[in-house]
Amino acid sequence: MGETTPKEPDREEARNREIQSEKPVGGMAKEGSKASFAMLWHLFKVFFLIGGFTFGGGYAMLELIRVQIVDKEKWLDNESFIDLFAVAQSLPGVFAVNISIFIGYRLQGFWGALVCVIGTTLPSFIIILILAIYAQQVKDNPIVSAIFKGIRPAVVALIIAPCVSVWKALKLGRKYLWIPVLCAVSVTFLGVSPVTVIIVSAAAGWLYTKFVLHKLPSAK
């Protein structure tokens, strides 16, 4: 029998290997590396998928973002993602877009950030454009109304799930439970601005770290 030539790997496997070679090791990006078309396309697909599930706003997207970035792609670890979420939430704009800019820039520089922003915002743009064109025709449609009624309770679950995940990842314990409760009550019932809550929380965290935490025996 004659020798058989080995089969060439298909294009999908070759593309996956190229993407894997561009991924950062240990959650860190390759600084100064040139933008790779395969990696840019992969980033676009990941954040396009994230942007396609924007029902309920950014908080409903948080768990999907964490699963994609931390669990599947390994671009960040849980602790780094929580820090990134805190910074992105404190900055102006939609935090999902802020996170996409950070991830894209760390992985592929300017073009990575641009591609991630486009991937995150494009699904919303398309959906809103379609709704704007056909809203008057379908607003009284019972099927459309039933679909949105079904989405509402699911959105609540999507918002609660990341809160639980972040709480577990922070490993704060029940003794700190009063902090988010106090913030929620202040914003919801006392009319305190979320900006005030963020500024006061940041200042309190800095004061606690500087004057209290370093003096504790366990911190030495």
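This is a predicted model: local features need pLDDT of at least 70, side-chain atom pairs count only at pLDDT 80 or more; totals for chains, interfaces and linings use all residues.

Me: Which residues have the most contacts inside the largest nonpolar core?
Reply: Leu-43, Phe-47, Ile-65, Ile-69, Trp-75, Ile-99 and Ile-103, in a core of 24 residues. A nonpolar core here is a set of buried Ala, Val, Leu, Ile, Met, Phe, Trp, Tyr and Cys residues joined through side-chain atoms within 4.5 Å. Buried means under 20% relative accessible area, exposed over 50%, partly exposed in between (1.4 Å probe, protein chains only).

Me: And which elements give two or more residues to this core?
Reply: α2 (37-51), α3 (58-72), α4 (78-90) and α5 (95-138). The largest share, 6 residues, comes from α5. Helices are DSSP runs (H or I, at least four residues), numbered from the N terminus.

Me: What does Ile-99 touch, not counting residues up to four places away in sequence?
Reply: Ile-65, Ile-69, Phe-81, Leu-84 and Ala-88, where contact means heavy atoms within 4.5 Å.

Me: Switching to Ser-100: buried or exposed?
Reply: Buried, because its relative accessible area is 0%. A polar atom of the Ser-100 side chain lies 2.6 Å from the backbone oxygen of Val-97. Beyond its neighbours within four places in sequence, Ser-100 contacts Phe-47, Cys-116, Val-117 and Thr-120.

Technical notes. Residues are numbered from 1 along each chain as its sequence is written. Side-chain values use heavy atoms; hydrogens and water are left out. A polar contact is a pair of N or O atoms within 3.5 Å; within protein, one must be able to donate a hydrogen and the other to accept it, and residues adjacent in sequence count only if both atoms are side-chain atoms.
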